[in-house]
Amino acid sequence: MIDMTRVLADTPGAAKQVFLNSAGSSLPPAPVLQEVIGHLRREAEIGGYEALDEREADLEAGYAVFAELLGCRPDQVAFTDSATRSWLAAFDAVPLAAGDRILVGELEYGGNAIPLLMRAQAVGVSVELVPSDADGTFSADALADLLDERVKLVSVVQVPTNGGAVADVRRVSDAAHAAGALVLLDACQAVGQLAVDAEALDVDILTGTGRKWLRGPRGTGFLVVRDRAKAVLRPKLADLQGGTWTGPDTYTLRDDARVYELWENDTAARLGLIAAARYLLDLGPAAVEQEVTQRSTYLRAGLAAIPGVTVHDLGVRKSGLVTFSIAGLEATEVQAALARRDVAVSVSRRSSTYYDMARRGLTEVVRASPHYFVTEAQLDAALGAVGAVAEAARKAAD
Ligand SMILES: *Cc1c(COP(=O)(O)O)cnc(C)c1O
């Protein structure tokens, strides 16, 4: 059980609206705010390097905090400035040669797909689609049929940006590893709402962001590189953080995941990110998962019962992202109409998940993502608002 009194006291913004956009950028809790603002103040007082020195131990401890949160070792963790930066750093380090193959799922994220296609076209690698299961998620069986020794990488998204579906990642990992391929997991929409354990999922690389379900500051991300990947990856973009200049034409690289970090970073934001992870560990990721699942299930059922509303989520196992549309209205019109009723939702567009949206004939969907700080009364208010918007659209069509 989550202590809602404490959570709401830590989240003043949650009372001012029905905030249903934690899949976009959530409301950071008070301890995150204090950490970020406090550190900026300290930098203004004594200087950025001096302020950093004061917090060196806390920053170091952050690797162990994320190791605990994500089920890995501290030396397997790197901090970055976004999930995409983490993904690019790791993907760029995967050795690829002409004729190699990369397999991706239908729910692949656009920010990953573009660099995948760019590199594939430059190197002569093929990017091939793994058909989904009947439930619409990554099919480990279809993957097994496509695998051979030329497949170097399997890219899988645990929870897509455009819906609630949760992939069965462990089955994907087992199939990929049997054929000698690495598994790169985009856990960006999972960490912070679902309990995610890199070891249990047996993924080789895991990427995520601070600002979404984790409730951290914007401009923060994290990366996990486990041993199977470490043995194969060749980091390419190291600087003074990842390496040491040892002679006129020699250098050494770090042996841990921090080889993927750059020297300069936003210390205040990183401290905020670590505070967000501590906050989640304190609440308990399993308890959070239960609360988010309960809220999204309630919202999905309520939406499905409203005339004119279609719910679009795939998957047998569903998570906290609820997507829908209202007959006769563009998603952006729904978003604006709900904003006028103090309900914050976002819109997910085809270019973010092209394979899936094109396959289903969708151009955009409304996305509502309730975190544990949203109350049941607020969900009812949101459902009432959607009902009113849908009814107005029906009347306008008559
Ligand atoms: C938001 C998102 C990303 C990118 O996260 P950034 O922190 O913006 O780089 C990656 N994958 C999925 C599934 C996402 O929803």
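Which handedness does the crossing of helix 3 and helix 10 have? The views below are taken from a predicted model.

**View 1. Crossing of helix 3 and helix 10.** The crossing is left-handed. The axes of helix 3 (residues 48-70) and helix 10 (residues 267-283) cross at roughly 40° and come within 9 Å. Helix 3 is therefore oblique to helix 10.

**View 2. Salt bridge between R6 and D282.** The closest N and O atoms of R6 and D282 are 3.2 Å apart. Because R6 belongs to helix 1 (residues 4-9) and D282 to helix 10, the pair ties together parts that are 276 residues apart in sequence. R6 is partly exposed, at 31% relative accessible area, whereas D282 is exposed, at 53%.

**View 3. Salt bridge between K230 and D255.** Here the closest N and O atoms are 3.2 Å apart. K230 is in helix 9 and D255 in the loop between strand 10 (250-253) and helix 10, 25 residues apart. K230 is partly exposed at 35% relative accessibility; D255 is exposed at 60%.

**View 4. Salt bridge between E289 and R317.** The closest N and O atoms of this pair are 3.1 Å apart. E289 sits in helix 11 (residues 285-304), and R317 in the loop between strand 11 (309-311) and strand 12 (322-326). R317 has 41% relative accessibility and counts as partly exposed.

**View 5. Salt-bridge network of E60, R254, D256 and R258.** Salt bridges link these four residues in a network. The whole structure has 32 salt bridges.

**View 6. Nonpolar surface patch of Y49, L240 and W263.** Together the three residues have about 400 Å² of accessible area. L240 lies in the loop between helix 9 (227-230) and strand 9 (243-247) and is exposed, with 65% relative accessibility.

Conventions: Residues are numbered from 1 along each chain as its sequence is written. This is a predicted model: local features need pLDDT of at least 70, side-chain atom pairs count only at pLDDT 80 or more; totals for chains, interfaces and linings use all residues. Side-chain values use heavy atoms; hydrogens and water are left out. Patches are made of residues with over 30% relative accessible area and no salt bridge: like charges are joined within 9 Å, nonpolar side chains (Val, Leu, Ile, Met, Phe, Trp, Tyr) within 5 Å. Accessible areas come from the Shrake-Rupley method with a 1.4 Å probe; for residues, only the protein chains shown count as cover. A salt bridge is a side-chain nitrogen of Lys or Arg within 4 Å of a carboxyl oxygen of Asp or Glu. Helices (H or I, at least four residues) and strands (E, at least two) are DSSP runs, numbered from the N terminus. Buried means under 20% relative accessible area, exposed over 50%, partly exposed in between (1.4 Å probe, protein chains only). Axes are lines fitted to C-alpha atoms, for helices over the stretch in contact, and angles run from 0 to 180 degrees between N-to-C directions. Angles under 35 degrees count as roughly parallel, over 145 as roughly antiparallel, 65 to 115 as roughly perpendicular and the rest as oblique. A crossing is left-handed if the near helix is turned anticlockwise from the far one by less than a right angle, and right-handed if clockwise.
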